[in-house]
Amino acid sequence: MQISSGGRWAWPYVAWLQAVVATTGSLYFSEVMHLPPCTLCWYQRLMMYPLVFVLLVSLLTQDTRLRAYSLPLSVTGLLIAAYHNLLYYGVIPEGLTQCAAGVSCTARQLEWLGFITIPLLSLTAFTVITLSLLLTKPRGTA
């Protein structure tokens, strides 16, 4: 790793740290605060939780294919999170979703400062991870 490469070596660590924080946060919301996840939250968790381990293993082994197997998870999670936010903020009508079973995907369970919501936190996390992976310079390139 070369620091002189404009700090591009740090981006995989940023992605991993964001995945750890997002995973820990989602577990805190459900297990400590007892906020049940909606259907879309479960789908986002399916994309986020493996990223913690995939990114960690790639960092420990210095695997050059980091982006090849991490980006599909993060981009899929990003798309689900974007859809969830559009639904949550009323851009997409709730009748066009399958969120009828269990907790509604538009339920206002948590809102900090009047605009920070669980779907927004997820969208932010997947955005940070995806951008970090895209900014990661593949090892062995100039």
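1. I80 lies in helix α3, which spans residues 66-88; helices here are DSSP runs of H or I with at least four residues, strands are runs of E with at least two, and both are numbered from the N terminus. I80 is buried, since its relative accessible area is 18%; buried means under 20%, exposed over 50%, and partly exposed in between, with a 1.4 Å probe and protein chains only. Once residues up to four places away in sequence are set aside, I80 touches L40, Y43, Q44 and M47, where contact means heavy atoms within 4.5 Å. I80 and L123 are 43 residues apart in sequence, and their C-alpha atoms are 8.5 Å apart in space.

2. Basis of the values. The model is predicted, so local features need pLDDT of at least 70 and side-chain atom pairs count only at pLDDT 80 or more, whereas totals for chains, interfaces and linings use all residues. Residues are numbered from 1 along each chain as its sequence is written, and side-chain values use heavy atoms, with hydrogens and water left out.

3. Overall composition. The protein chain has four helices and two strands, arranged along the sequence in the pattern α-α-α-β-β-α. Of its 142 residues, 38% are buried. Among the contacts in the chain with a separation of 6 or more, 70% are between residues 24 or more positions apart. The accessible surface amounts to about 8000 Å², and carbon and sulfur atoms hold 71% of that surface; such areas come from the Shrake-Rupley method with a 1.4 Å probe, and for residues only the protein chains shown count as cover.

4. Helix α3 against helix α4. Two packed helices are described by the angle between their axes and the distance between the axes. For α3 and α4 the angle is about 150° and the axes are 8 Å apart; axes are lines fitted to C-alpha atoms, for helices over the stretch in contact, and angles run from 0 to 180 degrees between N-to-C directions. The two helices are therefore roughly antiparallel to each other. The classes of angle are roughly parallel under 35 degrees, roughly antiparallel over 145, roughly perpendicular from 65 to 115, and oblique for the rest. α3 and α4 cross in a left-handed sense, which applies if the near helix is turned anticlockwise from the far one by less than a right angle, the clockwise case being right-handed. By class, the contact of α3 with α4 contains 15 nonpolar, eight polar and one charged residues. Here Ala, Val, Leu, Ile, Met, Phe, Trp, Tyr, Cys and Pro count as nonpolar, Asp, Glu, Lys and Arg as charged, and the others, Gly among them, as polar.

5. T130. This residue is located in helix α4. T130 has a relative accessible area of 7% and is therefore buried. Leaving aside neighbours within four places in sequence, T130 is in contact with L71, S74, V75 and L78.

6. Helix α1 against helix α4. Helix α1 covers residues 11-32, and its axis comes within 8 Å of that of α4, with a crossing angle of roughly 160°. The pair is therefore roughly antiparallel, and the crossing of α1 and α4 is left-handed. From α1 the contact involves W11, V14, A15, Q18, A19, A22 and F29, and from α4 it involves I118, L121, A125, V128, I129, S132, L133 and L135. These residues divide into 13 nonpolar, two polar and no charged.

7. Helix α2 against helix α4. Helix α2 (residues 39-61) packs on helix α4 (residues 118-135) at an angle of about 40°, and the axes are 12 Å apart. α2 and α4 are therefore oblique to each other, and α2 passes α4 in a left-handed crossing. Q44, M47, M48, L51 and L55 of α2 meet S122, A125, F126, I129 and L133 of α4. The contact of α2 with α4 is made up of eight nonpolar, two polar and no charged residues.

8. Backbone points in the loops. H34 is not a glycine, yet has a positive phi of about 60°; H34 sits in the loop between α1 and α2. With a relative accessible area of 61%, H34 is exposed. Q62, also not a glycine, has a positive phi of about 55° and is found in the loop between α2 and α3. Q62 counts as partly exposed because its relative accessibility is 46%.
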